[in-house]
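Student: Could you help me see how the words used for a structure follow from numbers?
Tutor: Gladly, let us look together.

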Amino acid sequence: MFEIKMPYLVIILLLILSVKMSVSQDVKLTNPIFTSETIIGTAESPSWSLDSKDLAFSAWDGSKWSLFIYNLDDDTLIKHSDGFSNERNPVWHPDGVNLVFDRYIDSKPELYTLNYKSKQKSLLFDREINASMASFSSSPNLICFLGFDIVSETWQIYSYDFKDLEVDVKFTS
C-alpha cells in the first residue's frame with residue numbers, strides 16, 4: 001500500500017496552493033467600466049461591435065432589463081430601451097450596424113433588431129415561435145437561436161437562413 005507521510009503531504013498541499021495562487025495572481029483585472037451607480041443593477045451579455053469601438057449589453061435599470069451601448073472612444077453610455085418590455089442578450093449583426101436582442105412581451109421572448117444609427121427597432125422575423133439568444137455565423141444570413149418547441153415543450157436550438165427566403169430580408173444600414 002502506498003503511504004504518504006504527513007510532512008510530505010503538507011509540502012504537496014503547499015505546492016498546490018502556491019501554484020493556484022500564482023495562477024490567480026497572473027490574472028490582471030482592470031477596473032469595472034460600469035458600477036451599480038451607473039446602471040442600477042446587474043449587467044449581462046456583453047457583446048463587442050466588429051470594430052471594437054462599442055460594447056452592447058443588457059442590465060437591470062431598476063424596473064426592467066434594458067439595452068445599453070457603451071462607446072469606448074467617446075466614453076458614453078446610452079440606454080436604448082423604452083417602454084415596459086424587458087430587452088436582453090444583445091448581439092451585433094455581422095453588418096456592424098444592427099443589434100439583435102430578446103424582447104419579452106407578456107413573458108414570451110421574441111427576437112428584435114435595433115439599428116444603432118437610426119435607433120429603429122423591428123421584429124427580426126415573423127414566425128410563431130418564442131425565440132431568444134441569437135448567434136450569427138460569419139455570414140450575415142445565417143442565425144442560430146433558442147426556440148421553444150410547443151410539441152415537445154422544450155427549448156431547442158434552431159437555425160434560420162435568410163438567403164433561402166423568397167423575399168430577401170435586409171437589415172437597414
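Tutor: We start with a definition: buried means under 20% relative accessible area, exposed means over 50%, and partly exposed is in between (1.4 Å probe, protein chains only). This is a predicted model, where local features need pLDDT of at least 70 and side-chain atom pairs count only at pLDDT 80 or more, while totals for chains, interfaces and linings use all residues. Residues are numbered from 1 along each chain as its sequence is written, and side-chain values use heavy atoms, with hydrogens and water left out.

Student: Why is F145 called buried?
Tutor: F145 has a relative accessible area of 5%. That is under 20%, so F145 counts as buried.

Student: What makes Y158 partly exposed?
Tutor: Its relative accessible area is 27%. This value falls between 20% and 50%, so Y158 is partly exposed.

Student: Why is the pair of F125 and F145 called tilted?
Tutor: Rings of Phe, Tyr and Trp (its six-membered ring) pair if their centres lie within 6.5 Å; planes under 30 degrees apart count as stacked, over 60 as edge-to-face and the rest as tilted. Here the centres are 5.4 Å apart and the planes stand at 45°, so the pair of F125 and F145 is tilted.

Student: And what makes F145 and Y158 a stacked pair?
Tutor: Their ring centres are 5.9 Å apart and their planes are at 20°, so this pair is stacked. F145 lies in strand β10 and Y158 in strand β11 (residues 154-161), so the pair ties together parts that are 13 residues apart in sequence. Strands (E, at least two residues) are DSSP runs, numbered from the N terminus.

Student: Which residues do ring pairs link into a cluster?
Tutor: The cluster holds F125, F145, Y158 and Y160.

Student: How do you know that the charged end of R103 sits over the ring of Y112?
Tutor: A charge sits over a ring if NZ of Lys or CZ of Arg is within 6 Å of the ring centre and within 35 degrees of the ring normal. For R103 the distance to the centre of the Y112 ring is 4.8 Å. R88 likewise lies over the face of W65, at 4.0 Å from the ring centre.

Student: Is K64 buried or exposed?
Tutor: K64 has a relative accessible area of 7%, so it is buried. K117, in contrast, is exposed, with 63%.

Key
Helices (H or I, at least four residues) and strands (E, at least two) are DSSP runs, numbered from the N terminus.
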